[in-house]
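Open the model in your viewer and keep the selection tool at hand. The tour visits a set of strands, then a cavity.

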Amino acid sequence: MPTITIREALNQAIREEIARDESVFIMGEEVAAYDGAYKVTKGLLNEFGPKRVIDTPITELGFAGLGVGAAMVGLRPIVEFMTFNFSILATDQIINSAAKMLYMSGGQFKIPIVFRGPGGSAFQVSSQHSQAMESWYAYFPGLKVVMPSTPADAKGLLKSAIRDDDPVIFIEQERMYGNKGEVPEDPDFTIPLGVADIKREGTDVTIVARSLMVPVALKAAEQLEQQGVSCEVIDPRTIRPLDIDTIVESVKKTNRVVLAEESHPICGVNAEISTQIMERAFDYLDAPVKRVSGADVPMPYAKNLENLAVPDVEKIVAAVREVAYLD
Amino acid sequence: MSKQTAAPPSRAGAEEQSSTSVIDAPAQDAPADVDKKQLARERDEVKERQKDRFTGLNKEQLIGLYRQMLLIRRFEEKSAEVYVAGKIGGFCHLYIGQEAVAVGAISAINKEDFVFASYREHGHALAKGMSARAIMAELFGKATGCSKGKGGSMHMFDKDLGFLGGHAIVGGQIPLATGAAFASMYRNSGEVTLCFFGEAAVNQGAFHESLNMAQLWKLPCIYICENNQYGMGTSLARAMSLRDIAQKGCAYEMASEFVDGMDVLAVREATMRAVQRARKESLPTLLEVRTYRFMGHSMSDPGNYRTRAEIEKYQERDPIKLFSASLLEEKIVDEKALEEIDKQIHEEVEDALRFADESPLPDAAELYTEVYANPIDPSRNRDR
Amino acid sequence: MATKVIMPKLSPTMEEGQIARWLKKEGDKVAMGEPLAEIDTDKATMEMQALANGVLRKILIGEGESAPLGQLIAVIGEPNEDIASLLSEAPAAATAKKEEPPAAPEKEEPPPAPAQQPAPPQQAQAAAAGAGTVGNGRQAAAAPSTGRVIVSPLAARMAAESGLDLRSIQGSGPGGRIVKKDIEAAMSAPKPAPAAPQRYPRPVEPGQSAPAFGASAYRDEPASQIRQTIAKRLVTSLGPVPHFFLTTDIEMDRAAEMRKGINALDPDLKISVNDIIIKVTAAALIQHPEVNASFQDRFVRYYEHADIGVAVAIEDGLITPVVRAANQKSLSQIAAEVRELAERARSKKLKPEEYTGATFSISNLGMFGIDEFTAVINPPEGAILAVGAMTSKPVVRDNEIVVRQMMRVTMSCDHRVIDGATGAKFLQTFKKILENPLYLVV
């Protein structure tokens with residue numbers, strides 16, 4: 001299997017799906033002539049032309065809604081937000097139109113659309129350009145929310161998202177575009193939505209991590225192995241629907257769990273996972289569920305402050321030791 | 001002149017002191033005392049213009065337009081009646097007074113073409129061919145409703161008839177309609193999309209973002225602004241700096257037109273011009289259709305923001321009475337035929353009411369269906 | 001090195017103890033295992049042993065004074081050792097387990113300190129890497145002085161399933177939280193067999209007989225769906241233990257005759273009617289194992305032997321010493337045992353294991369002239385029999401009115417485990433045997 005970056009894996013997924021299905025197209029700011037603000041769409045305009053790869057004005061609400069309308073009548077748009085920070089402008093169309101159309105039309109109008117782009121913390125771009133948005137979207141029934149952490153997951157999940165008949169929020173991690181990994185070349189390679197992946201098996205403590213926190217958790221697990229603690233690292237990959245069964249099974253085995261995320265803790269995805277663990281595995285918990293979240297502040301600019309705001313290996317190690325009653 | 005119309009006898013040419021036509025008068029300037037004679041004179045002028053537009057339409061088509069407007073009127077009157085009786089929940093935005101807009105515009109397109117509307121959409125749904133039964137049942141929240149009782153008054157849909165919904169966030173349907181038109185352009189499939197919205201939606205960003213893209217990408221979308229002069233209880237004058245909405249097309253180099261929304265044939269003709277532009281040149285159009293809603297914004301509207309006199313002024317131009325007068329004068333129909341139509345429509349509405357009343361409520365299991373087209377272990381989404 | 005002496009936990013339900021008497025005074029030499037003081041618990045007066053060698057340096061709680069569990073009550077140390085720092089902690093209620101394992105009620109064998117117990121593999125790993133040691137400073141901050149047991153949900157479930165009494169386990173987690181490894185340690189710890197103050201004895205295989213004076217063996221069977229539903233529904237109506245009552249009249253002439261006959265053989269035996277009732281109850285229970293049972297939420301526990309609790313009124317309340325395996329004992333054994341237990345109950349000398357863990361109880365108020373009453377079940381037992389006075393009454397026998405010695409009994413049943421018919425059948429057998437005590441020997 002070739003080793004490629006997440007950026008290249010996403011590019012492959014989009015290219016393959018546009019080639020595979022006439023109704024698939026991608027639109028967004030700078031996706032065509034500029035080759036993508038983060039180069040995810042590099043080369044696509046050349047290959048498919050301006051009908052399938054469309055530069056939009058800076059008009060997030062407008063092109064998000066346009067995508068939903070096109071999906072209502074059978075197209076399968078991929079809408080790129082240059083970053084998910086800008087999706088905030090489009091939330092009316094994502095939430096009020098995309099998420100609810102099937103239901104409020106009594107099942108008549110499905111919305112096969114993917115809203116994708118980078119999200120989470122970036123490097124030193126301060127508060128408005130560096131934030132995790134997944135808990136917003138995960139809140140709404142009707143949406144599916146996907147966050148890959150490896151090149152293979154990025155490709156397999158994006159292809160599934162494009163083929164899915166529901167609106168999918170696909171949040172990539174800006175800092176991870178260059179991360180490398182092996183990716184199958186098979187154009188039919190997909191990874192089903194709604195299935196968590198056990199990134200590392202272990203027996204003592206379960207760490208649930210997504211997106212940027214997956215490699216951080218894996219590093220923490222390595223360190224903890226040296227300290228005699230065996231960690232199981234679970235990447236839910238799909239936040240909604242959440243594969244809680246896999247998480248609960250792991251917690252039943254390890255009896256201790258640390259939930260890592262770079263988003264703010266209040267009303268976050270981990271707050272939900274924590275509640276579900278409590279509801280489903282209360283009798284298996286040997287320690288309170290421990291969250292490791294991003295700082296509850298807008299993202300600062302200064303490098304040292306930014307480092308403090310994003311969870312790192314040390315924070316996860318400390319949390320694991322705490323639930324394992326080692327400190 | 002027929003007794004069928006409630007308008008007072010007119011005396012053409014008398015008392016010409018006002019140069020302002022009623023439809024142009026800003027709502028704020030509505031006179032406390034209406035000059036009935038002046039109103040009647042103006043009405044007659046409009047009627048004469050309307051009769052000039054009969055050319056090119058056969059009797060069936062003309063009667064069909066009348067019939068549809070009257071169906072909407074009677075349907076909405078019945079909705080108000082049963083709403084008050086507690087049979088309809090939530091909001092109920094009535095279309096009475098604006099019938100000529102939906103009927104005139106939708107008469108200019110085909111079955112395959114798409115229609116989007118706002119939350120005041122019962123009339124558009126009927127005009128697009130949806131049955132009074134399915135709409136009334138939806139108002140009643142019944143399983144037989146056009147959205148299976150999940151949408152209600154503000155969310156009527158019919159995929160087969162190209163009715164793509166009532167949408168309840170002001171302006172929310174405008175990008176959606178633009179997207180449907182985009183799909184027609186993308187597939188070169190030839191449909192046009194009609195997008196209805198009230199004048200208050202024009203102040204939303206979604207309107208401007210959509211018109212920009214539609215003109216930029218040459219999308220066959222016709223934006224029909226139903227200017228009924230009030231955004232809920234706020235008059236146009238209090239909400240919009242440039243009140244000439246048709247002019248806003250200039251900002252996007254989009255063709256636009258001002259239309260008398262009390263004349264069903266005027267609306268139809270303007271829409272036909274726009275449809276032609278869409279089909280031939282794949283270009284959008286903005287129509288500002290001046291109209292008036294006779295009822296409140298919703299059933300809970302206290303109506304304290306406008307005077308009785310102002311409402312009466314517009315009722316003098318009731319599009320249905322105006323059109324029936326034209327039809328009688330042109331001898332397209334006689335009184336008896338009109339009575340027969342009224343009777344049929346009465347029966348159709350009563351039938352819809354009975355159907356809605358007798359239909360079952362949605363099954364409790366419906367609560368969890370149709371959240372996802374491809375559900376992934378639906379049990380995970382249920383109550384835990 | 002100086003050692004703290006804390007108020008030990010000497011009964012399953014004890015929250016604080018009162019010093020009845022110090023058996024050593026300040027300055028006395030003490031050896032490990034030597035009695036140090038007598039402590040009144042909520043149930044009995046118990047001896048507390050020294051758990052260190054040295055000199056009793058300081059007594060902090062005087063005779064007649066009380067202290068909550070875990071509170072420092074004395075210090076043992078070398079004669080000239082500076083104990084000021086220990087004394088300064090005196091108001092702090094708790095003390096860390098590293099320094100002071102909880103005193104156990106049994107004199108013979110204090111429970112092994114956690115460090116001596118086989119560590120679970122995970123703990124061993126961590127220890128090997130020089131990582132965690134159990135028992136940290138935070139523990140001392142939150143004392144179990146309120147009597148509330150702090151326990152992880154998993155540990156709570158494990159304890160319930162393995163019949164461990166959480167109150168007998170010292171938690172190693174933050175704030176003294178009992179966690180999984182504490183339960184594992186407790187389960188793998190050697191059992192100080194007969195003396196252990198357990199409420200739920202270790203299960204034995206069916207057929208394997210229990211030690212004559214130990215708690216009864218039992219088998220657990222999953223509570224059926226209907227059993228669980230009955231339990232849930234009845235509890236909502238009547239509280240945690242849904243009682244119902246069955247009453248019957250018993251003709252006691254033959255039992256009284258038998259008693260007279262036996263006592264005539266050997267006046268030292270002093271068999272009472274109550275002893276006969278205990279014996280008959282035990283016999284009937286063995287014939288009706290479904291009544292010799294206890295509801296345990298997820299399962300129903302059936303006991304192999306009939307351990308009969310006998311309610312004894314004492315000065316300031318009531319205690320129920322247990323006659324173990326009454327079904328296997330002779331009347332004379334039962335009589336002697338009951339007498340001895342009752343005596344020690346009145347002088348508050350019962351050990352916890354002597355008044356807990358019955359499978360069925362009997363309360364007899366006949367001596368107070370009570371004809372009939374209902375008794376309250378002592379959970380987790382399934383039933384209790386309330387015995388009234390024996391009186392001469394006219395009854396009809398063979399269509400004639402005759403005088404008989406009649407006694408009325410009322411059985412209170414826990415409806416979660418015993419249904420009306422089940423209880424009635426038991427009572428029928430009980431009545432049959434008691435009216436014809438010869439059945440005891442058939």
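Select strands E3 and E4 (residues 221–227) of chain B: they run parallel, joined by 6 bridges. Strands here are DSSP runs of at least two residues, helices (H or I) of at least four, both numbered from the N terminus. Two strands pair if DSSP finds at least two bridges between them. Show B:Phe196 next; B:Ile224 in E4(B) stands opposite.

This is a predicted model: local features need pLDDT of at least 70, and side-chain atom pairs count only at pLDDT 80 or more, while totals for chains, interfaces and linings use all residues. Residues are numbered from 1 along each chain as written, chains are lettered from A and ligands numbered from 1 in written order, and side-chain values use heavy atoms, without hydrogens and water.

Now select E1 (residues 114–117) of chain B, which pairs with E3(B) in the parallel sense over 3 bridges. B:Phe114 has B:Thr193 as its bridge partner.

Is E3(B) mostly covered or uncovered? Of its 6 residues (193–198), 5 are buried, meaning under 20% relative accessible area with a 1.4 Å probe, protein chains only.

Move to chain A. The lining of the largest cavity draws at least three residues from each of domain 1 (3–182) and domain 2 (197–323). These bounds come from an automatic or database domain assignment.

Methods:
Buried < 20%, exposed > 50% of the residue type's maximum accessible area, 1.4 Å probe, protein only.
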